[in-house]
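Please read the following note alongside the sequence and the model.

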Amino acid sequence: DNEEELVFAARYFWFAGRLKHAKKCLDKVLKASKTNAKALAIFGWLSMLVGSAKLEKKSIGFFDAALNLAGTENIAALLGRAEFYVRQQQFDKALDDLNMVVVHAPNFVPGLVEKARVLTMLNNWEEAMDTAHRVLQRDADNVDALRLMVLYYLTRESKPVVACERIKVLYRVLREREPKNAELRVKISQMCSRLANRIPAILYLSKQFIDDACQITPLKAEFITERAWHHMLLGEFDEALRLFTDASQLDDGNMLALFGRMQCVVLKKNYEQAGQ
């Protein structure tokens with residue numbers, strides 16, 4: 001088989017989440033030639049994503065090999081090595097690689113997004129926001145950049161009014177770009193609600209994300225539990241208690257739902273029922 005076609009197929013399977021199929025394609029390429037930089041870079045990503053700590057540690061060897069062969073213009077290898085360093089909490093090294101990505105591909109949005117993310121980990125919020133603005137100049141509806149903006153205005157700036165406006169934009173963008181992505185909605189909902197400082201306007205906006213997630217995936221106890229927490233934070237204890245009970249019935253091992261039920265009962269001043 002043609003090496004380029006196999007690498008293309010491997011990349012397709014990788015993006016589709018079919019890692020075993022991707023590995024089979026790459027095995028054929030690397031068996032014929034161990035100097036295919038594109039194949040080595042993708043193999044590094046697969047090693048990192050497969051869920052094995054042992055293989056993850058080996059992944060940097062593939063990224064280094066790809067970069068030695070093709071130089072720093074191999075964007076996939078640079079991004080992979082940066083992600084490896086992030087997982088090892090070596091954020092300065094990750095930033096070095098991401099800066100090289102931006103030099104070689106200044107309009108490559110994923111590279112800018114990753115750079116902004118790593119800058120927040122280095123607590124360099126000013127440069128992180130500058131980078132996020134660069135992303136939004138190229139892609140006004142970029143979900144990752146908008147999430148960073150929301151995080152920034154909820155924490156570093158503590159500007160709830162501005163944060164609310166950004167959350168509204170993020171909600172609209174998600175409905176357009178990720179209409180079926182329940183997991184992402186839950187993550188955003190959790191971020192906003194935990195940082196809302198019990199401000200009702202933020203909590204009501206945050207609740208929209210978890211409401212949508214529960215519509216997309218109606219019978220997931222984890223999502224129902226999160227929805228219940230929102231109602232409890234808003235002081236709507238009866239509805240929270242009902243949802244915590246529903247979540248417990250779906251998953252009797254859900255300790256968060258059990259704890260939430262008890263907390264609701266206590267907050268309703270029903271101490272006797274809580275003791276039972």
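1. Helices (H or I, at least four residues) and strands (E, at least two) are taken here as DSSP runs, numbered from the N terminus. The model is a predicted one, in which local features need pLDDT of at least 70 and side-chain atom pairs count only at pLDDT 80 or more, while totals for chains, interfaces and linings use all residues. Residues are numbered from 1 along each chain as its sequence is written, and side-chain values use heavy atoms, with hydrogens and water left out.

2. On these terms the protein has 16 helices and zero strands, and its C-alpha trace spans about 70 × 40 × 35 Å along the principal axes. Of its 276 residues, 46% count as buried, where buried means under 20% relative accessible area, exposed over 50%, and partly exposed in between (1.4 Å probe, protein chains only). Taking contact as heavy atoms within 4.5 Å, residues 24 or more positions apart account for 51% of the contacts with a separation of 6 or more.

3. Proline 106 lies in the loop between helix H6 (91-104) and H7, and, with a relative accessible area of 38%, proline 106 is partly exposed. Once neighbours within four places in sequence are left aside, proline 106 is in contact with Leu112, Arg134 and Arg138. The C-alpha atoms of proline 106 and arginine 134 are 9.8 Å apart in space, although the two are 28 residues apart in sequence.

4. Helix H11 (residues 182-194) has 13 residues and reaches 18 Å from its first C-alpha to its last, close to the 18 Å expected at 1.5 Å a residue, the expected span being 1.5 Å times one less than the number of residues. Buried residues in H11 include Leu184, Val186, Ile188 and Met191, and also Arg185. Their cover includes H9, helix H10 (160-177), helix H12 (200-216) and helix H13 (221-233).

5. The largest pocket holds about 470 Å³ of space, and among the 19 residues that line it, Pro110, Val113, Glu114, Arg117 and Asp144 are the closest to its centre. A pocket is an open set of points on a 1 Å grid over the protein atoms alone, where a 1.4 Å probe fits, with protein on both sides within 12 Å along at least five of seven lines; lining residues have an atom within 4 Å of a point. Grid points are joined across faces, edges and corners, and the volume is the space filled by probe spheres set on the points.

6. Which helix gives the most to the lining of the largest pocket? H7 does, with six residues, while helix H5 (75-87), helix H7 (109-121) and helix H9 (143-154) each supply at least two.
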